[in-house]
Amino acid sequence: MDAARAKPFANLPASLKAEMNGAVAVLRLARPQKRNALNDETVLGVEQFFLGLPEAAKAVVIHGEGEHFSAGLDLSELTERNVAEGVEHSRMWHRVFERIEFGRVPAVAVLHGAVVGGGLELACACHIRIAEKSAYYALPEGRRGIFVGGGGSVRIPRLIGVARMQDMMLTGRTYSAEEGLAMGLSQYLVEQGAGLAKGMEIATKITENAPMTNFAVIHALPRIAESDAASGYMTESLVASIAQNEPEAKARLKDFLEKRAPKVVRE
Ligand code: 1HE
């Protein structure tokens with residue numbers, strides 16, 4: 001047994017806490033004194049968390065300690081960087097957040113308080129976002145004289161469109177949790193304090209899916225959605241065929257046909 005397996009999450013910085021809860025790996029941003037601002041150590045720690053996910057982990061939940069999910073990039077680290085160093089830094093964030101978006105398992109973000117700048121970019125690299133009523137969204141980069149660098153200009157317009165993101169960056173506009181739900185920043189809105197329980201409920205449901213389905217939803221679906229239609233249809237057919245050929249799919253279909261599986265019920 002290698003060291004990572006014997007003691008999962010052993011090499012995380014103090015700004016991150018992680019634990020297994022059933023088949024869900026839970027990662028907590030634990031730097032509330034700095035409003036979970038994302039310094040390099042924390043961002044690289046997120047990468048370590050995903051690299052060291054135990055085999056038993058079938059989904060991830062990310063949440064934040066204190067009053068806010070995350071105040072974004074740690075501005076105290078934004079010192080004199082030349083262009084090449086700036087590119088390298090931004091690419092490091094891209095690499096880490098790609099480990100979330102195209103990771104082994106789906107990730108659920110539980111949001112509250114400030115979800116701003118790089119904090120919003122982190123949330124948008126996850127597959128499902130659950131907002132508590134205190135959550136609010138902003139991209140203060142525009143006002144700080146900088147630009148998004150953690151993949152925000154690719155991921156955020158997919159959710160809310162270029163025009164809304166331009167407004168957020170040009171005017172410093174914030175959106176409330178309710179508005180975020182309506183425009184697609186989060187898929188769920190829950191009462192204050194109820195986010196983590198909802199996150200665990202959703203993540204646990206995800207762990208019960210056939211692994212090939214989760215894989216296809218994370219890796220194939222977003223790529224199909226961004227390809228031209230003809231390639232998309234072809235890729236979809238291939239993925240559908242691979243998925244339905246899995247023994248697990250055949251067993252699940254048989255269960256339904258033999259009336260052992262639950263029907264779809266309206267919530
Ligand atoms: C920080 C940061 C930070 C707080 N970097 N230290 N992000 C921003 O522009 C958001 C900046 N932060 C804020 O607007 C506010 O802190 C909050 C609205 C998030 C929270 O307000 P509050 O009143 O609860 O906390 P606070 O008193 O402002 O902050 C507490 C401490 O955290 C304080 O330090 P202290 O030593 O004086 O106690 C703050 O300086 C510190 N702190 N936020 C560093 N962000 C890959 S590109 C992404 C680009 C971006 O993300 S730009 C957006 C940056």
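Which residues does Ile100 touch, not counting residues up to four places away in sequence? They are Val46, Phe50, Ile62, Ala107, Leu122, Ala125, Cys126 and His127, where contact means heavy atoms within 4.5 Å. This is a predicted model, in which local features need pLDDT of at least 70 and side-chain atom pairs count only at pLDDT 80 or more, while totals for chains, interfaces and linings use all residues. Residues are numbered from 1 along each chain as its sequence is written, and side-chain values use heavy atoms, with hydrogens and water left out.

**Cysteines**
- The structure holds 0 disulfides, a disulfide being a pair of cysteine sulfur atoms within 2.5 Å; for Cys124, the nearest cysteine sulfur is that of Cys126, 8.7 Å away.
- Cys126 is buried, with a relative accessible area of 5%, where buried means under 20%, exposed over 50% and partly exposed in between (1.4 Å probe, protein chains only).

**Domains and their interface**
- The domain assignment (automatic or from a database) gives domain 1 (3–207) and domain 2 (211–257), whose centres, taken over C-alpha atoms, are separated by 27 Å.
- Between the two domains about 620 Å² is buried, this being the accessible area (1.4 Å probe) that two parts lose on being put together, summed over both.
- Across this interface the rule finds 1 salt bridge (a side-chain nitrogen of Lys or Arg within 4 Å of a carboxyl oxygen of Asp or Glu).
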